[in-house]
Amino acid sequence: MNISPSALFALILLSSQALVLDAVDVNAAFFFYKVRVNTGVGTSDLSAFNVAPTVSSAIAFLNDLPAFINNITSLESFKKSSFKCTCNTGYNGDGTTACADINECMVGSNTCHASATCTNTLGSFTCACNTGYTGNGTTCLDNNECTLATHSCHNLATCTNTAGSYTCTCNTGYNGDGTTACADINECMVGTNTCNASATCTNTLGSFTCACNTGYIGNGATCFDINECELGIHKCHPSAKCTNTAGAFTCACNPVGYSGNGLTCSDGAALTKTSRLWCAQQFSIV
Ligand SMILES: [Ca+2]
Ligand SMILES: [Ca+2]
Ligand SMILES: [Ca+2]
């Protein structure tokens, strides 16, 4: 006995055993019907996709069954299931009408390192470590240009590593940009030396030296006046009085009976006294 499509549909509705709904999602975008019928010479599966989940569309589906529908003798099973489409990873949309690339670099969903540059691609993105860093883009480590000797500091400058770069600073005693020039500072000229006021500054490459002036003793940074009079290293005449001064000394012939510049003192009075003694010896008048 053959079954007409309408009778078959009636069978579907009536057959609680045959009407099996497989995980049908009423919000699904697509539905899938599958009917297994007996054609008298065996079973045959008939199916259709994307059929709206309504009774009328189900009848239309059944009406569109091939010509051998007339040979159907019984309904074996009827299943309805559904499916949704979702956009692939890296794309955004309803999955059915649109799947647009996600710009992960713009929306911040990329996994690039903070020191990497993100580049959007269709369906994905790429990460490249910034200049001064090495890594795969997800992990980026600062290059230590100072230890890698890839810096361009002047040979009289000190390299200091920084995140993503480095700095060059001229060594102490030198002035310049640290890269193209480091010139000696003339500390004696610019007044940045630490010589004592009683010392003489001498400029050297990268530094300076201090030497206490004549009449002073010390390391140049500290200078003490030498008291030539106390130390007995003056050159005053024995008959002169030595007076210490800052860095030197003065000699003054003894005021009574002597004359001279202190280094030499003529003793006119002493001569007179000797003459008197001689005379006294001669004339016994002492
Ligand atoms: Ca993308
Ligand atoms: Ca660095
Ligand atoms: Ca210098």
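Which residue stands opposite Cys-127 in β8? In this predicted model, for which local features need pLDDT of at least 70, side-chain atom pairs count only at pLDDT 80 or more, and totals for chains, interfaces and linings use all residues, that residue is Cys-118. Residues are numbered from 1 along each chain as its sequence is written, while chains are lettered from A and ligands numbered from 1 in the order in which they are written.

Strand β7 (residues 116-121) runs antiparallel to β8 and is joined to it by six bridges; two strands pair if DSSP finds at least two bridges between them. Two residues lie between β7 and β8 in the hairpin that they form, and Gly-123 in the turn has a positive phi of about 85°. In β8 (residues 124-129), Phe-125, Cys-127 and Cys-129 make up a covered face, whereas Ser-124, Thr-126 and Ala-128 make up an uncovered one.

The protein has seven helices and 22 strands, taken as DSSP runs (helices H or I, at least four residues; strands E, at least two) numbered from the N terminus. Of its 286 residues, 21% are buried, a residue being buried if 20 or more other C-beta atoms, placed from the backbone, lie within 10 Å of its own, exposed if 12 or fewer, and partly exposed in between. Thr-245, located in strand β19 (residues 240-245), is exposed because 12 other C-beta atoms lie within 10 Å.

The mean pLDDT (the predictor's confidence in each residue, from 0 to 100) is 83, and 73% of residues reach 70 or more.
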